Amino acid sequence: MSGTSGTGGAGGTGGTGIPAEQTPPGRPYFADPAPCPGLDTVAVAALAEERLDFRFKAIPADAAGLTVREWLATRPGLDALGTPLLTLDAAALDHNLRTMAAWCAEAGVRLAPHGKTTMAPALWQAQLAAGAHAITLANLPQLRVARAFGVQRLLLANSLLDPAGLAWIATELDRDPGFAFTCWADSADSVRQMDAALRAAGAERPVEVLVELGGPGGRTGARGVAAALEVAAAVRTAPTLRLAGVGGYEGALAHDASDPALAAVRGYLADLADLHRRLAADYPTATPVVTAGGSAYFDTVAQELTPLAAQVPGTVVVVRAGAYLAHDDGFYRGISPLARDADATPLRSAMHGWARVVSHPEPQLSLLDAGKRDLPFDEGLPEPQRVRGGGDLAGATVTALNDQHAFLRDAGPAAPVGAVLRLGLSHPCTAFDKWSLIPVLDHADAAHPRVVDLVRTYF
């Protein structure tokens, strides 16, 4: 895995005096039809020419000095790689790409996958090629990575208040008519700060804004529809901003698929839909956005929000699931809508950890050479699955992680010193950030997997 869009104005005039309700030719809204491929494919392809060295802990020493392309041409196998290790599975990645694209098409929603999960331009390219409308990101450094690789449609699922960051975004919008960008605002104060910074920067193109609705005890977002309407009113009067829709994150209000959790999600989405309907007459666009949906409740989001298209013509529902591509053997395996629906095609875990037994100091205790610096642990500990070249590890568990070690219990003689174990992992959002270059195997279940690609990440 080694178009054109943009914005016009909203509420008043932009730096050039362009009326807010006008959209300059060639500068459609964020939700207008997306171009393809949506990023600089040449820049992504150039990653194959990066030279391998000590910076990439997944790569063996004998690959030093070779480019990614040259090393892959040697057809290395999994056995050539050391431990600790994180790998991706090409077959599972392809399955997940196709499965999610088909689900979105059937559900009538657009997908703007959360790129923070992988921070891997090559994987973003694959998602866009599979039909994703845009890439979602969480902060300014991530936006800069995306623009370095020419991503043309970006949704910032956050407020952007940093004056230097707003000046940079203004420059990006002004120099590239094909760049479409939208971000969130959840208070009139944040709107005033954004407007002041963009005025100071001499912004020519207004920045599209989605009013963020939050929930009690949740994360960011205006608390209640009335407060959100005040934010929208502030956006309409800011000449450097343009009201483009509403959004939020239901995942901050629930953490499982129990009836009370799903009821909380539905209640929040009902409020988000109410906010969108109330703002229908105020949108200066024929394609207003309503966006929610992480990787846990995108089915509920589609059920609750897609009826808005009949109530507010032109409404575009955007879901932002990001973990679906790698999926996992933990948190998302249990909560994913495609796992909860018996009629759906389930996703498959495309990421695995590999660790070597380096100590067997007690009969039922082994120590592995992978820890918190190598594997995710915030949503569940690694799951022992099998011995490389051997059998399954039924009954064995990882009970704790230190910085560089995992505590494996009840594996006994099935995992002797020197054995390499495959581990199922939970929560891809905290897996990719530990690896700057990730080997992709043709199939992790094969007897002798081969490395078919290397995925570069930028955290």
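**Figure 1. Salt bridge between Glu50 and Arg456 in the predicted model.** In this predicted model, the side chains of Glu50 and Arg456 meet in a salt bridge, with an N to O distance of 2.9 Å. The two residues are 406 residues apart, and the pair links distant parts of the chain. Glu50 sits in the loop between α1 (41-45) and α2 (68-72), while Arg456 belongs to strand β17 (residues 451-456). Glu50 has a relative accessible area of 18% and is buried. Arg456 is buried as well, at 14%.

**Figure 2. The salt-bridge network that includes Glu50 and Arg456.** Asp53 and Arg55 join Glu50 and Arg456 in a network of salt bridges. Across the whole structure, the search finds 24 salt bridges.

**Figure 3. Salt bridges of Arg333 with Asp329 and Glu383.** The side chains of Arg333 and Glu383 form a salt bridge at 3.0 Å, N to O. Glu383 lies in strand β12 (residues 383-387) and Arg333 in helix α12, so this contact ties together parts that are 50 residues apart in sequence. Arg333 also forms a salt bridge with Asp329, where the closest N and O atoms are 3.7 Å apart. The relative accessibility of Arg333 is 37%, which counts as partly exposed. Glu383 is likewise partly exposed, with a relative accessible area of 26%, whereas Asp329 is buried at 14%.

**Figure 4. The largest pocket and its lining.** The largest pocket holds about 700 Å³ of space. Its lining consists of 36 residues, and those closest to the pocket centre are His114, Lys116, Arg219, Tyr249 and Tyr332. The element that gives the most is α12, with three residues. By residue class, the lining of the largest pocket divides into 16 nonpolar, 15 polar and five charged residues.

**Figure 5. The second largest pocket and its lining.** About 230 Å³ of space lies in the second largest pocket. Residues lining this pocket include Thr99, Ala102, Trp103, Glu106 and Ala107. Leu338, Asp341, Asp343, Ala344 and Thr345 are also among the lining residues. Helix α3 (residues 90-107) gives the most to the lining, with five residues. The lining of the second largest pocket comprises five nonpolar, two polar and three charged residues.

Terms used
Residues are numbered from 1 along each chain as its sequence is written. This is a predicted model: local features need pLDDT of at least 70, side-chain atom pairs count only at pLDDT 80 or more; totals for chains, interfaces and linings use all residues. Side-chain values use heavy atoms; hydrogens and water are left out. On a 1 Å grid over the protein atoms alone, a cavity is a set of points where a 1.4 Å probe fits but cannot get out, and a pocket is an open set with protein on both sides within 12 Å along at least five of seven lines; lining residues have an atom within 4 Å of a point. Grid points are joined across faces, edges and corners, and a volume is the space filled by probe spheres set on the points. Helices (H or I, at least four residues) and strands (E, at least two) are DSSP runs, numbered from the N terminus. Ala, Val, Leu, Ile, Met, Phe, Trp, Tyr, Cys and Pro count as nonpolar, Asp, Glu, Lys and Arg as charged, and the others, Gly among them, as polar. A salt bridge is a side-chain nitrogen of Lys or Arg within 4 Å of a carboxyl oxygen of Asp or Glu. Buried means under 20% relative accessible area, exposed over 50%, partly exposed in between (1.4 Å probe, protein chains only).
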